[in-house]
Every structure is written in structure tokens, then in C-alpha cells.
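What follows is a guided walk through one structure, meant for a reader who has not seen it before. Please keep the sequence and the model side by side while reading.

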Amino acid sequence: MIFRRLLPLTVLMAGLAATPALADLPPVPQVGQETPKPVAAPYGPTEGAQAQVDAAFKTAKESGRNVLIDFGGNWCPDCRMLSGVLALPSVAPWVAAHFVTVMVNVGRINTNLDIAQHYGVTIKAVPTVLIVTPQGRLLNPDGTLELGNARRMSAQAVVDLLAGWNGRGA
């Protein structure tokens, strides 16, 4: 807050009202023995992806949450498993409290690639996951492909990566 003292008080108060208090946010879930099941078709059609991303950023600015952009395809086993982890009963409320999530279908890695390129990321494999602040700063430039092996990762390892990346925006 030291650097923010230059902002008018009304701007600060508006930002604080939109951002949930840290004490009110659910803690990083401890997944335990929950076993994720792959989601059959987590990605919608390839059309309209930019509009969905734009809507996610509008919501993120209003809520103070970061945006989780998941680039993938329904043909990808790791993409489907990652979606299964995010849907676990212990994980889904935490994800919803911390992120505005948008699933971007990249076809066979041949469409919607410009959306990732906007953040300096070239999609070479899926899933490619970007954690972006509401202002558009990429928080995980060093880890966009780390969830590409979601089938072999524990659900806890997935959650811990997301939490670590999200913490970079604090």
C-alpha cells in the first residue's frame, strides 16, 4: 500500500471493494485422496474464444481475481485430466474464488493461437495455462507448459502450481 498512497482515496476504496479480503478467500485446498476423472469435453467451440477472454477480463477487473486461461483441445488427455482436477469438489470453490477461468479451444493447435501470443506465449503443446492479472500481466511466463503432464501429476501438485503462480500477483 505504500506505493498506492499517490492514488486518490476514492480509487483505492473502489479497488478494495472489488477485491475480496484475503481472510475471506478459501485456503489452498488439500486434495488428499480425491481422484480426478477426466472431463469428456471441457472446451467449447473454437469460435468466439476472443469474446470469452474479453468477458473474463471484464469480470476479473470487477472482482479483483486473476484470469486462468486454459488453452487445449478435447482430444488431449492431459487437458481433460486438468479439467477433472479443477472440477474436484475440494478444488472447484478455491478456483472460483481466485480465478476467472476461460477455456480456449485451439483445435489441433491451429486456431486461437493469437490469444496466447498477445501475452508473449507461443503454443507448442497443450494444455498451455496462463495466469494473468486483470491488468494483463502474465504471472507464469516460466511455467505455461508445466501442466502438460497433468495425467501423471497428483491433483495436489496441480493445485500447488496454480496457487504459487497466483501468489506472484500479490
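In this model, which is predicted, 3 strands form an open sheet, arranged in the order β2-β1-β3 and with mixed pairing. The edges of the sheet are held by β2, covering residues 99-105, and by β3, covering residues 128-132, each of which pairs on one side only. On average, and with direction ignored, neighbouring strands of this sheet are turned by 15 degrees against each other.

To follow the pairing in detail, one can begin with strand β1, which takes in residues 66-72 and pairs with β2 in the parallel sense over 7 bridges. A residue to look for here is N66, whose bridge partner in β2 is F99.

From the strands, the view can move on to a helix: α6, made of residues 155-167, lies across β1, β2 and β3, and the direction in which α6 runs is at about 35 degrees to β3.

Is D78 buried or exposed? Because buried means under 20% relative accessible area, D78, with a relative accessibility of 7%, counts as buried. When its neighbours within four places in sequence are left aside, D78 is in contact with P127, G148, N149, A150 and R151.

Note on methods. Residues numbered from 1 in each chain as written. Predicted model: local features only at pLDDT ≥ 70, side-chain atom pairs only at ≥ 80, totals over all residues. Heavy atoms only, no water. Pairing = 2+ DSSP bridges. Helix = DSSP H or I, 4+ residues; strand = E, 2+ residues; numbered from the N terminus. Axes fitted to C-alpha atoms, helices over the stretch in contact; angles between N-to-C directions. Contact = heavy atoms within 4.5 Å. Buried < 20%, exposed > 50% of the residue type's maximum accessible area, 1.4 Å probe, protein only.
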